[in-house]
Amino acid sequence: MRILVAVDQNPYSAHAVSEVARLAANTWANVTLLGVHTRMSPAGAASRDWTESHPLPGAISSYRETFLKYFKEDECPYIQREFGYELIERKKGVWDELYVAKSARKELKVRIRLGNPVKGILAEAQEEEIDLIVLGCDNSHGCEWEGLSGIPQKVVNDATCSVLVAKKKKKVDKIVCCLDHDLVSQQSLEMINQLVTLHKAKLEIVGLTEGKELKGEVEQKMEAILKYYTARDIEPWIEIVELASLDAFISQEAKWGLMALWMGKKSMLEKVFPKGKVGKLIKGSESSVLILR
Amino acid sequence: MIKTLVSLNADLASSIALRFVCRMAEVVKMGIETIHVEETDSEGNPPGTGWVRRTWEKGLLGTAEAEISQLINAERSSCPTLGSPKMMVGEREAEILRELEEESYDLLVEGILLSFDASHFENRMRSKLYKKMPCPLLLVKNLVGLKKIALLVEDHTDLGTLVPIFSKLFEEATLEYDLLRVILQKPGRLSFKKDVQDKEVPASGDADEMLTNVRNMLVEAGSSPQEVKTIRDIPARIADSLQEYSLVASCVPRQMARKSPMLEVLSRVPSAVLLCWQ
């Protein structure tokens with residue numbers, strides 16, 4: 001898995017980094033810490049002057065240290081190790097003294113982009129073939145990011161991969177996953193599995209219906225998902241919700257901590273839950289939001 | 001041994017119900033039979049009699065039998081005593097009712113998916129089968145580990161019906177249960193400090209007498225609740241507080257009022273609901 005954590009110098013970004021560190025400790029994902037600086041120095045993007053005065057470079061360094069603290073030093077897959085000269089048996093009875101330098105088993109990239117934050121995040125996600133973008137936001141000001149409104153919402157709307165908007169100070173007691181189609185990737189199931197384990201949360205799988213009954217393929221997919229998780233000693237609850245009641249349902253369930261929506265081409269959610277509503281969910285909900293693609 | 005009939009369709013709700021019953025059989029002595037009734041469509045009147053009718057029924061049951069057998073085979077490893085299902089053609093509720101009466105079952109089990117829309121459960125409770133069935137009903141909504149049971153009583157609960165049935169079903173089970181006296185409040189009512197304190201209160205006064213009476217009846221019948229308490233709240237919050245229980249048991253009238261607060265509680269409980277009829 002490849003995870004991109006988009007950060008700025010605010011506390012909600014530190015929370016996002018911690019969430020990703022816990023996830024990476026279990027999954028050994030390749031991780032990119034991406035800082036986005038929206039204001040360029042008067043001399044233009046090539047100038048390094050801004051790095052001396054702006055808090056972002058220092059914050060990113062601090063986030064890297066925070067991330068690495070979640071691993072024991074001798075077990076950390078992200079640290080480049082150099083062991084010096086070692087005797088290596090080249091063939092039976094013949095030994096060479098070679099300089100052995102082992103690289104990190106997993107990537108931890110730390111990067112800063114200058115310019116429009118949404119474009120920067122999405123460009124990075126595309127170039128690095130990211131599976132999951134994670135970012136935090138200031139929930140006390142309608143999910144602002146770097147003092148600007150709408151950034152997480154735009155990232156969620158325009159990303160082609162899954163996006164987690166991690167809200168700070170909201171303990172995740174239950175993860176509520178909604179689906180209305182049967183195209184659910186193995187990776188997304190595993191991602192939810194990891195989040196349930198990390199947060200020691202309950203899991204609820206919600207089938208969305210257009211009438212009273214579930215579509216046959218959705219019901220079959222939910223059965224497969226139920227079997228997947230029970231085989232891993234997770235007992236999800238199953239619930240059905242009419243699409244017309246989804247707003248009310250989300251308002252009620254937001255208290256549990258994490259709301260996940262399986263969206264995608266076959267999903268009616270793209271129509272019933274258009275960009276404006278997804279934005280409203282991210283902005284207004286007290287829970288974290290995970291859009292699965 | 002609790003003689004149990006599990007009504008199956010080829011759907012997720014039935015799959016969950018069957019798995020739940022198999023888990024329950026690990027802690028409760030149960031003899032499990034399964035049944036599927038294939039309903040004809042509204043214009044599917046059975047043709048003729050004798051071999052003609054039998055051939056027609058056989059054709060109708062063909063696919064259903066394969067699907068139901070697949071469902072049962074998936075559970076046989078954890079529930080080896082599961083036999084072949086009884087397959088019938090006809091009006092579903094009438095056939096199940098006949099089977100319950102003729103074979104004197106102690107319990108009927110059905111699956112129903114938990115729904116955000118309470119009317120889903122409420123409409124199910126208006127079933128003609130439930131109005132006439134001679135035994136208790138276990139409605140399974142989710143597959144949960146069997147850990148603890150909640151036995152709910154209200155002031156007008158028919159204890160003479162509830163206690164013997166509950167005791168018989170769980171007399172040899174190694175399951176703990178709590179006895180909960182439920183006082184249902186209407187939503188929108190102001191919550192005064194006293195009410196807030198009383199949400200979960202130790203028994204006192206008349207409640208004390210009632211709960212003591214129920215407790216004594218249960219002890220006399222051979223079991224003892226782990227905790228005894230009164231909960232006073234609106235249906236939605238009472239249902240929330242019951243989430244920790246694997247099974248919620250109660251005694252209800254066969255014809256519950258459409259807006260019955262207890263019906264709302266039972267519709268919102270996410271695990272399994274055991275109903276005996278008063």
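**View 1. Chain B, its burial and its make-up.** Of the 278 residues in chain B, 37% come out as buried; buried takes 20 or more other C-beta atoms within 10 Å of a residue's own, exposed takes 12 or fewer, partly exposed is in between, and the C-beta atoms are placed from the backbone. Keep in mind that this is a predicted model, where local features need pLDDT of at least 70 and side-chain atom pairs count only at pLDDT 80 or more, while totals for chains, interfaces and linings use all residues. Residues are numbered from 1 along each chain as its sequence is written, and chains are lettered from A and ligands numbered from 1 in the order in which they are written. Chain B has 10 helices and 12 strands, taken as DSSP runs (helices H or I, at least four residues; strands E, at least two) numbered from the N terminus. Among chain B contacts with a separation of 6 or more, 86% join residues 24 or more positions apart; a contact here is two C-beta atoms, placed from the backbone, within 7 Å.

**View 2. Where the two domains of chain B meet.** Chain B splits into domain 1 (1–143) and domain 2 (146–278), with bounds from an automatic or database domain assignment. The contact draws 22 residues from domain 1 of chain B and 24 residues from domain 2 of chain B. On the domain 1 side, helix 1, helix 4 (119–124), helix 5 (128–132) and strand 6 (137–140) of chain B each put in at least two residues. Strand 6 of chain B gives the largest share of that side, four residues. By class, that side of domain 1 of chain B holds 16 nonpolar, one polar and five charged residues; Ala, Val, Leu, Ile, Met, Phe, Trp, Tyr, Cys and Pro count as nonpolar, Asp, Glu, Lys and Arg as charged, and the others, Gly among them, as polar.

**View 3. Chain B against chain A.** Here 15 residues of chain B are in contact with 15 residues of chain A. Helix 1 (12–24) and strand 5 (114–115) of chain B each bring at least two residues to the chain B side, and helix 1 of chain B has the largest share, three residues. That side of chain B sorts into eight nonpolar, five polar and two charged residues. Strand 5 of chain B also pairs with strand 10 (residues 237–242) of chain A, in the parallel sense over two bridges; pairing takes at least two DSSP bridges between the strands. In one of these bridges, A:Glu239 has B:Leu114 as its partner.

**View 4. The largest nonpolar core, zoomed in on A:Ile175.** The core has 158 residues, and A:Val5, A:Ile133, A:Ile175 and A:Ala260 touch the most other members. Such a core is a set of buried Ala, Val, Leu, Ile, Met, Phe, Trp, Tyr and Cys residues joined through C-beta atoms within 7 Å. Helix 1 of chain B supplies its largest share, nine residues. Leaving out residues up to four places away in sequence, A:Ile175 touches A:Ile192, A:Leu195, A:Val196, A:Ala201, A:Leu203, A:Leu258 and A:Ala260.

**View 5. A loop residue, A:Leu183.** A:Leu183 sits in the loop between strand 8 (174–179) and helix 6 (186–199) of chain A. A:Leu183 counts as partly exposed because it has 14 C-beta neighbours inside 10 Å. Its C-alpha atom is separated by 37 Å from that of A:Ile79, 104 residues apart along the chain.
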